[in-house]
Amino acid sequence: MSGMDDSRPFVVCHMLVSQNGRVTGDFLADSACADACEAYYDLNRDDSAQAFACGRVTMAGSFTDGWQPEWAQWETVAVPPGDFIAPAAAGARRFAVAFDRCGRLGWKAACIEDADPGYGGSHVVEVLSSAVAPAHLAYFREVGVSYIVEDDLCEALVRLRALFGVERLLLEGGAVLNESFLTAGLVDELSLVHAPLMAEPGDAPLFATTPLPPVADEVTCYVRGIRCTSSRVLR
């Protein structure tokens, strides 16, 4: 979908969607969605991507349960300027990239603990804005979480590749983060698993407000493949 740029990772927006294009809602917990969920996670596990990326809300709901430390404990800790590559990054099999502008995610360890091999063991890299409080940076350093401090989304991706060797990235929501990548021209491919269910109109769409990317030049899109993995799942 976007123009290729070898200085940043190739970005695949990988999402599970309802028949009416929603990515959140009660349909995800419906038993009829079970096959689609498994197909989605299978694709995540099998993909060659070195990293997956989510926004703060998605990461909090999936991995940190909304917990935050007492940030005031780190307010007096001096923090060097710039990005931070934690020791755990050196041997990481995969990276969990959290777009968390204010650094509010309460990670308790350098790597994600999860039974799913597509996520478990992934080293956490926070992408933060220049307005992030130094106390949050100090906390991330203490628990061994790497971070990039950058306001520009494209430049953050360039640094993600340069510092951590990420050549392929799975973008996995939510809708606001997907929208940010789309409007910046940073979505190279869509990987959509379609559940055989409808969601409520008020549930979050694939992209927060933009159905198609605004482009100045003609964009060529192509279908790499469509597979019916069961009688109820199309991917």
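**Note on the predicted model**

1. Asp65 is exposed, with a relative accessible area of 69%; exposed stands for over 50%, buried for under 20% and partly exposed for what lies in between, using a 1.4 Å probe and protein chains only. This residue sits in the loop between α2 and β3, just after α2. Although Asp65 is not a glycine, its phi is positive, at about 55 degrees.

2. The model is predicted: local features need pLDDT of at least 70 and side-chain atom pairs count only at pLDDT 80 or more, while totals for chains, interfaces and linings use all residues. Residues are numbered from 1 along each chain as its sequence is written, and side-chain values use heavy atoms, with hydrogens and water left out. Helices (H or I, at least four residues) and strands (E, at least two) are DSSP runs, numbered from the N terminus.

3. Helix α1 covers residues 34-46, and its 13 residues should span 18 Å at 1.5 Å a residue, which agrees with the 18 Å between its end C-alpha atoms. The expected span is 1.5 Å times one less than the number of residues. Its buried residues are Ala36, Cys37, Ala39, Tyr40, Leu43 and Asn44. They cover an arc of only 165 degrees around the axis, so they lie on the same side of α1; the arc is that of the directions from the helix axis to the C-beta atoms.

4. In α2 (56-64), Met59, Ala60 and Thr64 are the buried residues. Their arc around the axis is only 100 degrees, which puts them on the same side of α2. Val57 and Gly61 are exposed on the face turned away from that buried side. The cover over the buried residues of α2 includes β2 and β3.

5. The largest nonpolar core has 41 residues, of which Leu16, Cys33, Phe52, Met59, Trp107, Phe140 and Val193 touch the most other members. A nonpolar core is a set of buried Ala, Val, Leu, Ile, Met, Phe, Trp, Tyr and Cys residues joined through side-chain atoms within 4.5 Å. Elements giving two or more residues to this core include β1, α1, β2 and β4; the largest share, six residues, comes from α3. A second, separate core of 29 residues includes Ala89, Ile148, Leu153 and Phe207.

6. Zero disulfides are found in a search of the whole structure, a disulfide being a pair of cysteine sulfur atoms within 2.5 Å. Cys111 is partly exposed, with a relative accessible area of 28%, and Cys154 counts as partly exposed at 29%.

7. Two loop sites complete the note. A cis peptide bond, with omega of about 5 degrees, joins Gly173 and Gly174; Gly174 lies in the loop between β6 and α5. Glu200 is in the loop between β7 and β8 and is exposed, with a relative accessible area of 53%. Its C-alpha atom is separated by 8.7 Å from that of Asn20, 180 residues apart along the chain.

Technical notes
Contact means heavy atoms within 4.5 Å.
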